[in-house]
Amino acid sequence: MKWARRLRVKHLQLLVTLGETGSLSETARLTHTTQPALSRWLKDLEDDAKGLIFERHARGLSPTVIGEMLIAHAKRILTETDRAQQNLNAVINGQARTIIVGTSPASAPSFVPGTLSRFLAMFPSARVELYESTMDSLMSKLKLGQLDLIIGRLDNYKPDGELQSELLYEEQLKVVTRLTHPLASQAQVHWEEVYQYDWIVWPMGTPIRSKLDQALTVAGRKPPVYRVESNSQVGNLWLLQNTDMISIVSESVAAHFNERGLLKALNIDLGTDAGIVGMVWREQAQPDQLMEQLIECCREASQCLLSSYSNTCPPLLT
């Protein structure tokens, strides 16, 4: 561990910058040091680590397996250091620390905001940052320490030794259109009919897209015409309301927009199993009361969703 004890925060930043630029000269320029000093530091670090961290080639540097591992740890430590400073400032100012929550569009319209509202009602001094993206992007940020908790579809989730996960609820997918779409008034819709219209789909690899692919496979169908590929909930909603396009969303999202007179779920059997909505967070070295309370709020909100008995739910923030 001799090499680890010699590392400083500035060394971690050097390591990350080297990994990003692949260039000693550019890293020296960005970090206000000299290239010879940077070269000596890197050689000493590799000697202490007893292995190459970067491979040298004509185009510059590329991290080895050891290098990729160390860079990942360096990014995580730098993120944790920044978060620690932010939380320290918050405590000094009489506030609770900030919790950063990542969510996928499948749970963003109502479940996550409602959960956060109950949490903030319980902890008036707490702060929350909400970040919406695809699950693969969210998982990367969680592992780097840039997020504290993810709430979203876990259909494609693979267990990870550094993470904890928990099922919140299951839900089907729904094919949706605008209220005045030619198919919206039909009591039953069949595959042949939805093939007559263009589709908006989520990007490849997202849980909802995977479920759509599964439905097509079960039905023995080729993909319909995918005119738009998008992970923008707002953009998709506008296109659905102003065109004859069709899309697929989670059951709770369909219900959310239907209650507000924005979209209609078509009565078509997709032939797939229910998808999983859950939460994922990093293993905690020490008990964290604020995180535990937020996780408990997620559990309570999921029970409210499943039971639909609003009088059993904690109050919303007012």
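The structure holds 3 aromatic pairs, where rings of Phe, Tyr and Trp (its six-membered ring) pair if their centres lie within 6.5 Å, with planes under 30 degrees apart counted as stacked, over 60 as edge-to-face and the rest as tilted. This is a predicted model, in which local features need pLDDT of at least 70 and side-chain atom pairs count only at pLDDT 80 or more, while totals for chains, interfaces and linings use all residues. Residues are numbered from 1 along each chain as its sequence is written, and side-chain values use heavy atoms, with hydrogens and water left out.

**Around Tyr-195**

- The ring centres of Trp-191 and Tyr-195 lie 6.3 Å apart with their planes at 65°, so this pair is edge-to-face.
- Trp-191 is buried, at 10% relative accessible area, whereas Tyr-195 is partly exposed at 25% (buried means under 20%, exposed over 50%, partly exposed in between, with a 1.4 Å probe and protein chains only).
- Arg-221 lies over the face of Tyr-195, 5.7 Å from the ring centre (a charge sits over a ring if NZ of Lys or CZ of Arg is within 6 Å of the ring centre and within 35 degrees of the ring normal).

**Nonpolar cores**

- The largest nonpolar core has 22 residues, of which Phe-119, Leu-149, Ile-151 and Met-279 touch the most other members (a core is a set of buried Ala, Val, Leu, Ile, Met, Phe, Trp, Tyr and Cys residues joined through side-chain atoms within 4.5 Å).
- A second, separate core of 20 residues includes Tyr-197, Trp-199, Val-201 and Leu-216.
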